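Work through the exercises below with the structure open. Each task is followed by a solution in steps.

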Amino acid sequence: MKEPVFIETMRLTHDGLAHIEYHQARVDRTARTFGLSYLDLEQYIRHKIPQQLPASICRCRLLYGDVEPEVMVAPYVPLQRKVVRLVENDDIEYSYKYADRDALNRLVTETRACDIIIVKNGLLTDSAIANLVFNDSSGRYTPRIPLLMGTAITRFVDEGMVEAADIRPKDLRDFVSVTFVNALGQFTYPISILYGE
């Protein structure tokens, strides 16, 4: 049986790779679970990125696992979210950052939305490409059980910037905005984006 292939997506600027220690921790966890060789991200990637970056903020993508590691660098283009839909799916599993994202991509395509928020076992988890932070006057809350614990949201929780909580679809009206968070950036929208208002 073919072993899975994984990706690690990092923010790359002229200052280097952002928060590399969080990415290294996730790659290490994946390697331990799947019996992969140790990969020193900073050492490996340093020799693979161009000296002249194609943009001030780039998406640095590492492909690794049952393949020869490969690094790709491209300008970062944020997703413009105009419509976001809730999608219920109790079967989806993405606890490791697999390169195979077909199931997630299919959910987005089926809704004809810019992005989705996945509801699993009655609880909000993630969008198709980002962790979530729900904001109200009392604080900032992220789903306690995301599909994939991203590096940025892990850092936010570690630093006490957000609190993990069980959030259900009925709770959404209590929030004023939702922030989509990944290693490349964070973007906040009014909660009405989920209702087409």
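Predicted model: local features only at pLDDT ≥ 70, side-chain atom pairs only at ≥ 80, totals over all residues.

**Exercise 1.** Find how many aromatic pairs the whole structure holds, and classify the pair of Y94 and Y98.

Solution. A search of the whole structure gives 10 aromatic pairs. In one of them, Y94 and Y98, the centres are 6.0 Å apart and the planes stand at 65°. Planes over 60 degrees apart count as edge-to-face, and this pair is edge-to-face. Both Y94 and Y98 are buried. Y94 and Y98 also belong to a cluster linked by ring pairs, together with F6, F34, Y64 and Y96.

**Exercise 2.** Classify the pair of Y141 and F175, and state which parts of the chain the pair ties together.

Solution. The ring centres of Y141 and F175 lie 6.3 Å apart with the planes at 55°, so this pair is tilted. Y141 is in strand β9 (residues 139-143), while F175 is in the loop between β10 (163-165) and β11 (177-182), so the pair ties together parts 34 residues apart in sequence. Y141 has 16% relative accessibility and counts as buried. F175, at 9%, counts as buried too.

**Exercise 3.** Compare the reach of helix α1 with its expected span, and list what its buried residues pack against.

Solution. Helix α1 (residues 20-34) has 15 residues and reaches 21 Å from first to last C-alpha, close to the 21 Å expected at 1.5 Å a residue. Its buried residues are I20, Y22, H23, Q24, R26, V27, T30 and A31. They pack against β1 (5-13), β2 (16-17), α2 (41-46), β3 (58-65) and α4 (151-158). Just after α1, G35 has a positive phi of about 65°.

Definitions and conventions. Residues numbered from 1 in each chain as written. Heavy atoms only, no water. Phe/Tyr/Trp six-rings, centres within 6.5 Å; stacked < 30°, edge-to-face > 60°. Buried < 20%, exposed > 50% of the residue type's maximum accessible area, 1.4 Å probe, protein only. Helix = DSSP H or I, 4+ residues; strand = E, 2+ residues; numbered from the N terminus. Expected span 1.5 Å × (residues − 1). Contact = heavy atoms within 4.5 Å.
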